[in-house]
Amino acid sequence: MKVLIVGGGKPVYFLCRTFLDKGHEVTVINRDHEECVQMARRLKVTVVHGDGSDPNILEEAGSHGADAVLAVTPNDQDNLAVCQLASIQHDVPRTIALVNDPDNKNVFKKLGVTAFSTTRTIASMIEQRTALDEIINLIPVGEGKVNITEIKLQPTFPVVGKLLRNLSLPTDSLIAVVLRNSDAVVPRGDTELRAGDRIVLITLPANHGPVLKAITGETS
Amino acid sequence: MASDLFIVIVGCGRLGSHLANQLSRAGHGVVTIDADEHAFGNLSPQYSGFRVEGDATELAVLKQAKVDKADLVISTTRDDNINLMVAQVAKTEFGVTRVLARVFEPRREAIYRRLGVETICPTSVAADLFLKSFIKEGST
């Protein structure tokens, strides 16, 4: 895959490395000349110095043949311009923009640009993690409409020792997988939950809190 | 133009403040937005509109300026991409019927016309004027 990345700083450096390790071809557009030199020295990427929202620079970087364009500058307006230029003028099939203001995510969607907000993802992860030590992983999917949570069951939890069918979990929640002794089991009604199990839980943001309470028994 | 429009002007530099002063004097309701509070110093003492200090690419700032109520939004900052983003957001997110964006780079103007953003390019306008006066002189 041919990937074009517009932006700079460490996130872009490590993004490049990740893509290169997976065997993709990477081109970077960066406004900072010094950073361009460093990037070209350290990584096997094509580096173009300039403004990625300038049609000529984008062209020079080979956007016409690119499979994906990623705009991750600290300015939402630049990320939007890069993605619109790439998809409309250069027919790039996939363009993704970073939004720094989480509110802009929906706005970009209306304008036809796929966007992601690291702020929102990190904020929700920190909130959930600090709330409960037992939560190992929390991934929002479907634009944040669904949470997938991995929880380690402690002996004190009220659900431990119960059969799944006897649990009274709030609606719109599902224990999708039970991980026990490095085995993954999709549970049925007669599956018993045990201390030390790791469960993968699917919830909606609205009932996430009540479901966690029902499982952990914590009141806070 | 009717005399009681509600107009939001983004960017309070030379162009933005000039427009704001004129439109305010003509009796329109005006809000100017600029990220730099010193920029409001360009407004005349007679300017009777509101000032909102903030980055117009932040949705909350546009909401604060009541862009949803605006009859007209003019984005005049020095950054083409800000103007083009503000114009598109005003149109699609806030449903503003009339939106104008200042765009310096003529190559960008073309693509945003295709996206339905009404643009004014000072570079093209100035070039046209220069050429016209040059041709006039040449023909005499």
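The contact takes 18 residues from chain B and 17 residues from chain A, where two residues are in contact if their C-beta atoms, placed from the backbone, lie within 7 Å. This is a predicted model, in which local features need pLDDT of at least 70, side-chain atom pairs count only at pLDDT 80 or more, and totals for chains, interfaces and linings use all residues. Residues are numbered from 1 along each chain as its sequence is written, and chains are lettered from A and ligands numbered from 1 in the order in which they are written.

On the side of chain B that touches chain A, each of the helices in the table supplies at least two residues. Helices are DSSP runs (H or I, at least four residues), numbered from the N terminus.

| Helix of chain B | Residues |
|---|---|
| α2 | 59-64 |
| α3 | 80-92 |
| α4 | 106-114 |

Of these, α3(B) gives the most, with 7 residues. This side of chain B divides into 8 nonpolar, 4 polar and 6 charged residues (Ala, Val, Leu, Ile, Met, Phe, Trp, Tyr, Cys and Pro count as nonpolar, Asp, Glu, Lys and Arg as charged, and the others, Gly among them, as polar).

Helix α4 (residues 76-89) of chain A packs with α3(B) at an angle of about 80°, their axes 8 Å apart. Axes are lines fitted to C-alpha atoms, for helices over the stretch in contact, and angles run from 0 to 180 degrees between N-to-C directions. The angle makes α4(A) roughly perpendicular to α3(B) (65 to 115 degrees). From α4(A), Asp76(A), Gln77(A), Asp78(A), Leu80(A) and Ala81(A) take part, and from α3(B), Asn81(B), Ile82(B), Leu84(B) and Met85(B). The residues of this helix contact comprise 5 nonpolar, 2 polar and 2 charged.

Chain A is divided into domain 1 (2-116) and domain 2 (121-216), with bounds from an automatic or database domain assignment. The C-alpha centres of these two domains of chain A lie 37 Å apart.

Terms used: Angles under 35 degrees count as roughly parallel, over 145 as roughly antiparallel, 65 to 115 as roughly perpendicular and the rest as oblique.
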